[in-house]
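Please open the model in your viewer and keep a selection panel at hand.

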Amino acid sequence: MTNLNDSNRAAETSPGTDDAEAGPTPGLGWGDYCVPAFIFLFCGVISYVSTTFDEALPLIVGESMQPRVFPIFLMAVIAVLNIGLIVQVLSKPPSRRDWEPYQTWASAVLFGVFYFLATFVDIMIGLMVTMFALSIIWGERRVWVAAVLAIVTTAMIFFSFDLVLEVRFPRGLFTDWYYG
Amino acid sequence: MFAEATGAMFSVFGDPYLMGLILGTTVIGVIIGALPGLGATTGAALLLPFTLTMEPVPAIAVLTTIYVSATFAGAITAILINTPGTAAAAATCLDGYPLAQRGEAGRALGIAVVASTIGGIFSIIVLAIAAPMLARVAYEFRPPEYFALTVFGLSMLASISEGGAIKNLIGGLFGVWLATIGADAITGTERFMFDNYELYEGLNFIPVLVGMFALSELLVQSKSLNTVMERIPIKAVKLPSMADYKKIWKAVLRSCGIGTFIGILPAEGATVASMIGYSEAKRWSKTPEEFGKGAVEGVAGAEAANNAATGGAMVPTLVLGIPGSGTTAVILVGLMVHGLRPGPHLFTEQIDKVYSIFGAMLVANIMFFALGLFAAKLFARVTLVPRGILWPIVFAFSVLGAYSLAQSMLDVYIALIFGVIGYLFRRFGFAVAPVAIGLILGEMVETNLQNSLKIFDGDWTQILVQPLAAFFLILAVLGISQPYIVSYFKKRKARRAQS
């Protein structure tokens with residue numbers, strides 16, 4: 001395994017080189033073409049939302065700018081830079097890459113599962129379930145190891161946060177019982 | 001004041017609690033640095049919540065110790081398994097691994113430990129001398145100068161190693177936009193809150209940083225589960241011989257200077273420093289043909305530079321509130337959380353605390369020297385921890401760390417969302433560090449622009465005629481165009497060589 005081969009490292013360039021020399025851009029071919037389009041869309045939406053901000057009252061001393069100006073200015077600069085990005089993509093089309101393995105998709109889905117369980121059941125139960133599932137998906141074949149990892153780590157972290165850092169967790173099935 | 005500062009710096013050596021804390025954190029930092037994927041930035045972001053109940057000096061000592069020790073430890077895996085534990089150790093792979101393949105892993109690690117320690121200590125000495133001097137200059141800065149300086153800081157994102165100039169700038173500006181979420185600092189107008197009043201004071205930095213660095217890395221790591229690591233065995237770490245010292249001393253000294261200077265530049269960090277340190281070691285070497293095949297100067301040049309950048313990067317962080325790297329962005333958040341507002345006033349009002357932090361960094365360098373020398377073999381074994389065990393633990397620390405600062409579930413959701421956003425950024429070749437730096441600089445940029453406009457009654461052109469502000473803005477233009485200028489000259493040189 002080498003991190004140098006990871007997609008995020010693949011984009012590394014030596015200092016003083018521009019994107020054109022950065023080697024293959026990671027990502028699917030179509031995805032890389034979609035990125036500038038998404039950025040334009042993002043700039044458009046944010047600029048539009050910015051125009052809906054309340055107008056600020058004039059200041060007593062001096063004159064400054066309205067709260068909408070700065071975000072719109074940022075979006076304008078990003079849009080200009082995005083044109084440069086398009087030129088780069090067109091001048092050197094990115095190489096086609098494989099889709100993510102199922103572990104990546106499953107891990108991202110587990111973020112959502114954790115969100116659901118933490119919100120509607122209990123943050124600690126959510127953590128245990130997510131850790132267990134992550135461990136199995138990532139290749140841990142011994143179910144008992146994954147289970148012990150999930151239970152012991154969650155318990156250790158819970159008590160260290162609760163007793164040492166005095167963090168109170170949101171109410172849920174387990175925390176209701178623990179806090180009383 | 002000098003006596004007070006020096007006394008505070010060396011008082012760390014007489015404080016058993018702080019010494020114990022630094023030792024423990026150095027061990028954690030070396031483990032974090034040795035684990036591929038978990039770098040200094042992620043480590044600092046994960047440990048930040050644990051510092052919340054500490055006093056300011058121990059808390060910042062923990063974060064800075066993680067910074068220096070993890071930066072060094074990246075070399076362990078770079079040399080033994082050809083995988084840089086941190087991005088800053090990428091250049092170390094080039095000659096460290098060939099040396100290990102030749103059966104000289106102990107020698108390579110010894111050189112890395114010595115060069116890293118010299119680089120780290122050199123940069124702390126520079127930090128201790130240069131920071132108060134720069135603070136005296138920074139006293140003269142008014143909002144226009146600060147605005148121009150932060151623009152310069154953002155412009156430097158163009159030349160950091162990952163991503164590429166345009167993508168880094170877009171990432172940085174995205175971070176600046178994130179900082180506009182919440183109530184406007186001057187007028188109180190609500191922006192991008194969508195009736196969620198938990199966002200009134202803006203996005204908390206910690207959940208964003210945890211998401212962008214730790215959770216996105218989790219998704220990145222999930223792509224390389226099937227790759228097999230081949231670890232070269234090591235008997236013991238050997239201190240460099242006299243012949244080695246003769247060979248490397250010039251490269252080490254050169255890289256100390258390069259690393260510290262690169263570190264001081266806003267937004268530049270250890271990764272850039274190590275690459276330049278390595279290439280300069282090669283350029284000045286009498287035997288450049290050995291580079292890439294196991295040149296000890298290559299290991300020394302890269303390692304001295306990346307650790308020298310740690311002290312350098314603390315200079316703009318402490319004096320100007322402008323992070324010198326991704327990790328110092330996290331340290332900056334730590335400073336603010338603990339009530340230490342970075343800026344020139346820090347050097348007059350709380351000089352004892354500042355120099356205690358320098359002292360802690362000095363101690364951390366000495367400790368990782370000892371640990372690297374005597375326990376590198378042991379630390380190399382952490383790479384054997386199965387990812388199916390390691391990364392679920394990282395997930396747990398990430399989400400609970402994000403929760404613990406404000407004890408708000410919103411922060412957990414923000415961390416998860418930014419985990420996915422961070423992954424998409426990296427998937428499409430955007431680095432995540434510029435977003436973090438942009439987020440932290442965002443409020444500074446806008447507030448100083450607003451205050452400048454108030455001073456000049458809305459006339460923005462007046463900013464351009466302030467000498468110091470104009471100077472920084474010119475530097476910003478050069479910073480943005482620098483990668484293209486360098487690239488142009490490189491291509492021209494290559495064309496000439498061809499013809």
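Select helix α4 (residues 56-81) of chain B together with helix α12 (residues 296-320) of chain B, whose axes come within 9 Å and cross at roughly 165°; axes here are lines fitted to C-alpha atoms, for helices over the stretch in contact, with angles running from 0 to 180 degrees between N-to-C directions. α4(B) is therefore roughly antiparallel to α12(B), a label given to angles over 145 degrees. The crossing of α4(B) and α12(B) is right-handed, that is, the near helix is turned clockwise from the far one by less than a right angle.

This is a predicted model, in which local features need pLDDT of at least 70 and side-chain atom pairs count only at pLDDT 80 or more, whereas totals for chains, interfaces and linings use all residues. Residues are numbered from 1 along each chain as its sequence is written, chains are lettered from A and ligands numbered from 1 in the order in which they are written, and side-chain values use heavy atoms, with hydrogens and water left out.

Next, show the side chains between the two helices: Thr64(B), Tyr67(B), Val68(B), Thr71(B), Phe72(B) and Ala75(B) of α4(B) meet residues of α12(B) that include Glu303(B), Asn306(B), Ala313(B) and Met314(B), contact being heavy atoms within 4.5 Å. By class, this contact of α4(B) with α12(B) has seven nonpolar, five polar and one charged residues.

Now move to Thr328(B), which is found in helix α13 (residues 326-337) of chain B. Is Thr328(B) buried or exposed? Thr328(B) has a relative accessible area of 0% and is buried, a term for values under 20% with a 1.4 Å probe and protein chains only. Leaving aside neighbours within four places in sequence, Thr328(B) is in contact with Tyr67(B), Ala313(B), Met314(B), Thr317(B) and Pro323(B).

Then centre on Gly263(B) in helix α10 (residues 242-264) of chain B, which counts as buried at 0% relative accessibility.

Finally, display chain A, which has seven helices and zero strands, where helices are DSSP runs (H or I, at least four residues) and strands are runs of E of at least two. Of the 180 residues of chain A, 47% count as buried.

Definitions and conventions: Buried means under 20% relative accessible area, exposed over 50%, partly exposed in between (1.4 Å probe, protein chains only). Angles under 35 degrees count as roughly parallel, over 145 as roughly antiparallel, 65 to 115 as roughly perpendicular and the rest as oblique. Ala, Val, Leu, Ile, Met, Phe, Trp, Tyr, Cys and Pro count as nonpolar, Asp, Glu, Lys and Arg as charged, and the others, Gly among them, as polar.
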